[in-house]
Amino acid sequence: MQTLDENIYSEEMEKLRSELEQLRRENEILKTANEQTDCIRRDSLKQSFYIGQVLKSAPYLLILTDSRMQTVMTSDVYFQYEKSYSNEQLRNGLPLSLVMKNIFSPEQLHQLISECSKVLEGQAAEPYLIRACCGERKIDWQIVISPMVRNGTVAGLHILFVEMTEIIDALEQARTANKAKSNFLANMSHEIRTPMNAVMGMSEFILRDSSDPKAKRYASMIRSSSKTLLSIINDILDFSKIESGKMEIVNAYYKLSSLINDVATLIEIRIHDKPVKLVLDLDPDIPDEQYGDEVRIKQILVNLLGNAVKFTRNGSITVSLRMEKHDEKYNKLICRVTDTGIGMRKDEIEHIFDNFTQIDTTRDRSLEGTGLGLPITKLLINMMGGEISIESVYGKGTTVNCYILTSSRDPTPIGGVKQIRGSTLSSDVYKATFTAKKAKILIVDDNDLNIQVACGALEPYKAEIDCVTSGAEAMLQFSKERYDLIFMDHMMPVMDGVETASMIRKMPFGETVPIVALTANALNGAAQEYKRLGFQDFLSKPIEPYKLEQILLRNLPRELIDGDVAVEPQRLTEEQQMQQTVEAACTSDEAEIDTKMGLRYCMGNIDFYRKMLKVFGTGNLFSEIDELYSNGDWSNYQIKVHGLKSSALTIGAFYLSERAREVEQAAKTGNIGFVTMHHDDLRRIYNGVIGKISNGDVSV
């Protein structure tokens with residue numbers, strides 16, 4: 001019996017031990033579980049902390065939603081735009097359409113919800129831009145919507161709103177600046193080319209009509225320099241085209257001897273007051289006739305020699321020209337320009353072809369320039385299949401080596417330097433190759449000086465010419481007479497050239513008469529633009545005799561042309577020419593007239609200058625300006641003041657021209673307050689100039 005009780009006791013004890021062991025194991029498991037729970041809780045709190053910090057410090061508006069487009073959390077940036085909801089409310093879940101209601105317009109909100117729905121359905125949504133009004137602020141947003149995927153299913157959305165206002169504003173400012181640059185270039189083209197029209201036109205008349213060899217030589221030098229000046233004007237105007245890689249090379253046959261003569265003449269004028277000698281080292285066997293872009297080649301030589309002149313105080317500048325065979329089709333025209341100037345350091349040579357880069361000008365504060373010459377030259381040389389390199393010794397001089405690819409069909413050699421430079425400069429005066437005595441031509445231009453230049457250029461063709469100074473007069477004249485050709489200025493008051501041409505087209509016989517745009521706007525693409533506006537042809541100021549003749553041949557009926565002539569199929573485009581700056585000399589006498597400068601505009605012809613003074617002095621230009629001012633017709637007011645500015649500059653009334661320029665610019669930009677403030681002053685200065693002319697106070 002006792003043994004049985006012991007056994008039972010032993011079994012019970014064993015059970016208890018087993019249960020205790022089980023309890024210990026379970027306790028260990030619970031302990032481990034508690035530790036893991038604590039770890040998970042700590043990790044969760046840590047992650048929540050970091051997520052909170054990210055959302056708090058995020059620079060952009062970020063919204064996370066669930067699959068029902070209910071908010072889960074947002075970045076703190078949200079509260080900069082919307083303060084109607086708390087962070088807790090957003091975490092508890094609010095409809096996306098509600099939390100963005102006060103930030104976006106209904107249409108923008110509808111677009112956002114639509115894009116979010118597409119992403120929730122598994123479709124891709126491209127980032128997009130919108131402009132929203134948040135209070136008084138206008139904000140440009142870029143919106144990027146991404147899915148949050150869990151187990152292969154879209155569980156929510158990640159919506160990022162990046163404020164792009166500053167970037168968009170910067171782009172707008174860049175676009176505005178680019179447009180302003182284009183407008184500036186167009187205005188510069190017109191402003192500079194208008195007085196150059198008189199310079200080139202009158203020099204051409206002297207060459208054509210004068211019998212004095214000395215006067216003809218001077219006029220030839222003026223004409224040659226003017227052409228090169230206009231070449232650089234167009235280089236500046238074309239720089240935007242160079243930057244965009246749209247520069248074109250226009251090839252034609254030309255005389256290398258004439259090109260060298262023109263360049264040498266210009267450089268000799270530049271160094272006439274320096275102890276510097278220009279040396280031409282030319283291979284006399286180079287064929288004179290070459291095929292290439294004469295204007296661009298001249299531009300290359302002018303740039304290279306111009307730099308040499310700029311940096312050479314004394315000594316010499318040597319130009320060497322050689323030719324080598326390149327292949328069956330092309331030759332290498334090799335040029336070497338060596339000067340005894342200030343030279344360059346090695347680090348300066350490395351950057352010499354960078355835009356707007358000049359060598360250390362601290363050695364000579366008188367040096368000027370934009371730093372565009374060599375970069376443009378390198379581009380042009382490369383476009384002609386050539387290369388350029390520079391060698392220089394600091395303090396001793398510089399040598400530029402370059403070549404371009406060219407070809408020739410006539411082996412006649414260029415000859416020696418004496419033969420080239422000894423030829424008569426005026427021998428290449430352009431002479432009319434035909435007459436058109438039966439032709440009737442109408443010139444429409446509001447500037448009397450331009451009309452006289454155009455009439456003078458047309459004189460050799462013996463055509464019957466009528467001139468009017470406004471669009472209304474042109475229409476009236478056209479209703480009385482039938483014309484074979486019309487030259488129409490673009491910028492005119494009341495009706496500009498485009499509007500006038502359009503009105504003439506609606507008149508009897510108006511559909512068939514050729515109308516040629518006559519304008520100082522010489523930007524690239526101007527010819528195409530004027531043709532798009534309805535003109536048959538385009539002639540830029542200054543008027544070049546050859547181009548005028550080609551226009552007559554293209555547009556006059558063949559039966560009106562006397563002589564067996566033909567239009568050349570290919571010719572150089574608008575010559576790329578140099579910039580000439582006319583500085584307004586504002587003196588204490590507001591009515592001052594600089595007769596020396598006036599004479600320069602009139603090619604030194606005293607009789608012609610007196611005639612211009614008389615035309616200006618007997619005119620009543622300001623009465624029209626006053627009337628336009630009273631009527632608030634600022635568009636035509638600006639045009640008339642523009643005419644006053646140009647005419648005043650032509651006679652040497654610099655102060656009046658400068659004041660007119662300021663008022664014109666104000667009218668053009670809508671600054672009517674400035675116009676109102678200075679209109680009376682402009683009239684007073686104008687009357688002062690008229691008074692001086694009328695009283696005979698201008699001595700010539």
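**Rings, strands and helices: why the labels hold**

Colleague: Ring pairs link Tyr-81, Phe-104, Trp-141 and Phe-161 into a cluster. What makes two rings a pair?

Modeller: Rings of Phe, Tyr and Trp (its six-membered ring) pair if their centres lie within 6.5 Å; planes under 30 degrees apart are called stacked, over 60 edge-to-face, and the rest tilted. The count by this rule is 11 aromatic pairs. Before we go on: this is a predicted model, where local features need pLDDT of at least 70 and side-chain atom pairs count only at pLDDT 80 or more, while totals for chains, interfaces and linings use all residues. Numbering runs from 1 along each chain as its sequence is written, and side-chain values use heavy atoms, leaving out hydrogens and water.

Colleague: Why is the pair of Tyr-78 and Phe-79 called edge-to-face?

Modeller: Their ring centres are 5.5 Å apart and the planes stand at 80°, so edge-to-face is the label. Both Tyr-78 and Phe-79 are buried, meaning under 20% relative accessible area, with exposed over 50% and partly exposed in between (1.4 Å probe, protein chains only).

Colleague: And why is the pair of Phe-104 and Phe-161 tilted?

Modeller: Here the centres lie 5.9 Å apart and the planes make 50°, so the pair comes out as tilted. Phe-104 sits in the loop between helix H4 (96–99) and helix H5 (106–120), and Phe-161 in strand E5 (residues 153–163), so the pair ties together parts 57 residues apart in sequence. Phe-104 and Phe-161 are buried too.

Colleague: How do you know that E4 and E5 pair?

Modeller: Two strands pair if DSSP finds at least two bridges between them, and E4 and E5 have 10, in the antiparallel sense. Helices (H or I, at least four residues) and strands (E, at least two) are DSSP runs, numbered from the N terminus. Gln-142 stands opposite Val-162 in E5. The E4–E5 hairpin has 2 residues between its strands, and Asn-151 there takes a positive phi near 55°. Strand E3 (residues 128–134) also pairs with strand E4 (residues 137–150), antiparallel over 7 bridges.

Colleague: What makes E7 and E11 the edges of their sheet?

Modeller: That sheet is open, with 5 strands in the order E7-E9-E10-E12-E11 and mixed pairing. Strand E7 (276–282) and strand E11 (387–393) each have a single partner strand, so one side of each lacks a neighbour in the sheet. From one strand to the next the twist averages 15°.

Conventions
Axes fitted to C-alpha atoms, helices over the stretch in contact; angles between N-to-C directions.
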